[in-house]
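Subject: Structure handover

Hello,

Here is the structure for your files. My notes on what turned up follow below it.

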Amino acid sequence: MKEILYVFLGGGIGSVARYLLGKLVGSGWPMDFPLATFLTNIAGCFLVGLSGAWIVRHCLQEEWRLLLVVGLCGGFTTFSTFGKESLALMQDGHILWLCLYVLASVAFGIVAVWAGSKVIA
(Lines give C-alpha, C1' and ligand atoms only; values in the text may rest on other atoms or scores of the structure.)
Protein backbone atom coordinates (compact mmCIF):
# COMPACT_ATOMS: atom_id res chain seq x y z
CA MET A 1 0.00 0.00 0.00
CA LYS A 2 2.92 2.33 0.72
CA GLU A 3 4.11 1.95 -2.88
CA ILE A 4 0.74 3.11 -4.20
CA LEU A 5 0.96 6.23 -2.04
CA TYR A 6 4.33 7.16 -3.58
CA VAL A 7 2.98 6.74 -7.11
CA PHE A 8 -0.18 8.67 -6.19
CA LEU A 9 1.75 11.56 -4.68
CA GLY A 10 4.22 11.81 -7.56
CA GLY A 11 1.46 11.44 -10.15
CA GLY A 12 -0.56 14.24 -8.59
CA ILE A 13 2.41 16.59 -8.57
CA GLY A 14 3.30 15.64 -12.15
CA SER A 15 -0.26 16.18 -13.38
CA VAL A 16 -0.50 19.62 -11.79
CA ALA A 17 2.90 20.55 -13.24
CA ARG A 18 1.72 19.42 -16.70
CA TYR A 19 -1.45 21.51 -16.39
CA LEU A 20 0.50 24.60 -15.32
CA LEU A 21 3.03 24.21 -18.14
CA GLY A 22 0.17 23.91 -20.61
CA LYS A 23 -1.34 27.14 -19.28
CA LEU A 24 2.03 28.88 -19.41
CA VAL A 25 2.90 27.80 -22.95
CA GLY A 26 -0.60 27.76 -24.42
CA SER A 27 -1.52 25.94 -27.61
CA GLY A 28 -1.92 26.59 -31.28
CA TRP A 29 1.58 27.87 -32.02
CA PRO A 30 2.13 28.00 -34.98
CA MET A 31 -0.70 26.63 -37.09
CA ASP A 32 -2.08 24.37 -34.39
CA PHE A 33 1.30 22.79 -33.55
CA PRO A 34 0.84 21.28 -30.05
CA LEU A 35 3.84 23.05 -28.49
CA ALA A 36 2.78 22.59 -24.85
CA THR A 37 2.47 18.81 -25.21
CA PHE A 38 5.72 18.62 -27.17
CA LEU A 39 7.65 20.58 -24.52
CA THR A 40 6.02 18.62 -21.70
CA ASN A 41 6.99 15.28 -23.22
CA ILE A 42 10.59 16.37 -23.88
CA ALA A 43 10.92 17.77 -20.36
CA GLY A 44 9.41 14.55 -18.99
CA CYS A 45 11.93 12.48 -20.93
CA PHE A 46 14.75 14.60 -19.52
CA LEU A 47 13.37 14.16 -16.00
CA VAL A 48 13.12 10.38 -16.45
CA GLY A 49 16.78 10.24 -17.46
CA LEU A 50 17.85 12.64 -14.71
CA SER A 51 15.90 11.03 -11.87
CA GLY A 52 16.73 7.49 -13.00
CA ALA A 53 20.46 8.25 -13.04
CA TRP A 54 20.22 10.09 -9.70
CA ILE A 55 18.48 7.12 -8.08
CA VAL A 56 21.07 4.67 -9.39
CA ARG A 57 24.05 6.88 -8.53
CA HIS A 58 22.93 7.38 -4.95
CA CYS A 59 21.68 3.79 -4.50
CA LEU A 60 18.30 5.08 -3.39
CA GLN A 61 15.44 2.86 -2.36
CA GLU A 62 12.62 1.74 -4.67
CA GLU A 63 10.33 4.37 -3.14
CA TRP A 64 12.26 7.12 -4.95
CA ARG A 65 11.77 5.41 -8.32
CA LEU A 66 8.06 5.03 -7.63
CA LEU A 67 7.72 8.67 -6.57
CA LEU A 68 9.84 10.30 -9.28
CA VAL A 69 9.92 8.03 -12.33
CA VAL A 70 6.60 6.20 -12.16
CA GLY A 71 4.56 8.87 -10.37
CA LEU A 72 5.93 12.31 -11.18
CA CYS A 73 7.15 11.63 -14.72
CA GLY A 74 4.20 9.36 -15.48
CA GLY A 75 1.75 12.05 -14.36
CA PHE A 76 3.69 14.79 -16.12
CA THR A 77 4.13 13.29 -19.59
CA THR A 78 1.24 13.19 -21.98
CA PHE A 79 1.37 10.32 -24.44
CA SER A 80 -2.41 10.07 -24.73
CA THR A 81 -2.60 13.79 -25.51
CA PHE A 82 0.22 13.31 -28.02
CA GLY A 83 -1.88 10.67 -29.79
CA LYS A 84 -5.01 12.83 -29.78
CA GLU A 85 -3.19 15.89 -31.11
CA SER A 86 -1.41 13.82 -33.78
CA LEU A 87 -4.75 12.52 -35.01
CA ALA A 88 -6.17 16.06 -35.04
CA LEU A 89 -3.24 17.30 -37.15
CA MET A 90 -3.84 14.44 -39.58
CA GLN A 91 -7.60 15.03 -39.77
CA ASP A 92 -7.06 18.77 -40.33
CA GLY A 93 -4.74 18.01 -43.24
CA HIS A 94 -1.59 19.35 -41.54
CA ILE A 95 0.51 16.40 -42.68
CA LEU A 96 3.81 18.31 -42.57
CA TRP A 97 3.14 19.43 -38.99
CA LEU A 98 2.07 15.88 -38.09
CA CYS A 99 5.32 14.41 -39.42
CA LEU A 100 7.40 17.09 -37.73
CA TYR A 101 5.58 16.63 -34.43
CA VAL A 102 5.86 12.83 -34.36
CA LEU A 103 9.47 12.65 -35.54
CA ALA A 104 10.66 15.52 -33.34
CA SER A 105 8.84 14.17 -30.28
CA VAL A 106 10.46 10.75 -30.60
CA ALA A 107 13.95 12.02 -31.54
CA PHE A 108 14.09 14.81 -28.95
CA GLY A 109 12.53 12.49 -26.36
CA ILE A 110 15.30 9.94 -26.75
CA VAL A 111 17.97 12.66 -26.68
CA ALA A 112 16.36 14.20 -23.58
CA VAL A 113 16.40 10.88 -21.68
CA TRP A 114 20.07 10.47 -22.61
CA ALA A 115 20.90 14.08 -21.63
CA GLY A 116 19.11 13.74 -18.32
CA SER A 117 21.03 10.59 -17.49
CA LYS A 118 24.33 12.31 -18.33
CA VAL A 119 23.70 15.24 -15.98
CA ILE A 120 24.11 12.92 -13.01
CA ALA A 121 26.87 10.72 -14.50
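Please keep in mind that this is a predicted model.

I began with helix H5, where Leu98, Tyr101, Ala104, Ser105, Gly109, Ala112, Gly116 and Ile120 are buried. The cover over these buried residues includes helix H2 (35–57) and helix H4 (79–91). H5 itself runs over residues 95–120, 26 residues in total. From first C-alpha to last it reaches 38 Å, close to the 38 Å expected at 1.5 Å a residue.

Salt bridges come next: searching the whole structure gives two.

One joins Glu63 to Lys2, with 3.4 Å between the closest N and O atoms. This pair links distant parts of the chain, since Glu63 is in helix H3 (residues 62–76) and Lys2 is in helix H1, 61 residues apart. Glu63 has 18% relative accessibility and so counts as buried, the cut-off being under 20%. Lys2, at 47%, counts as partly exposed.

The other joins Glu62 to Arg65, and here the closest N and O atoms are 2.6 Å apart. Both residues lie in helix H3, three residues apart, about one turn of the helix. An α-helix has 3.6 residues a turn, so residues three or four places apart point the same way. Glu62 is partly exposed at 42% relative accessibility, and Arg65 is partly exposed at 34%.

Last, the surface. Val16, Tyr19 and Leu20 make a nonpolar patch of about 320 Å². Of these, Tyr19 lies in helix H1 (residues 2–25) and is exposed, with a relative accessible area of 53%.

Regards

Technical notes
Residues numbered from 1 in each chain as written. Predicted model: local features only at pLDDT ≥ 70, side-chain atom pairs only at ≥ 80, totals over all residues. Heavy atoms only, no water. Patch = residues over 30% accessible without salt bridge, like charges linked within 9 Å, V, L, I, M, F, W, Y side chains within 5 Å. Areas by Shrake-Rupley, 256 points an atom, 1.4 Å probe, with all protein chains shown as cover. Salt bridge = Lys/Arg side-chain N within 4 Å of Asp/Glu carboxyl O. Helix = DSSP H or I, 4+ residues; strand = E, 2+ residues; numbered from the N terminus. Buried < 20%, exposed > 50% of the residue type's maximum accessible area, 1.4 Å probe, protein only. Expected span 1.5 Å × (residues − 1). Contact = heavy atoms within 4.5 Å.
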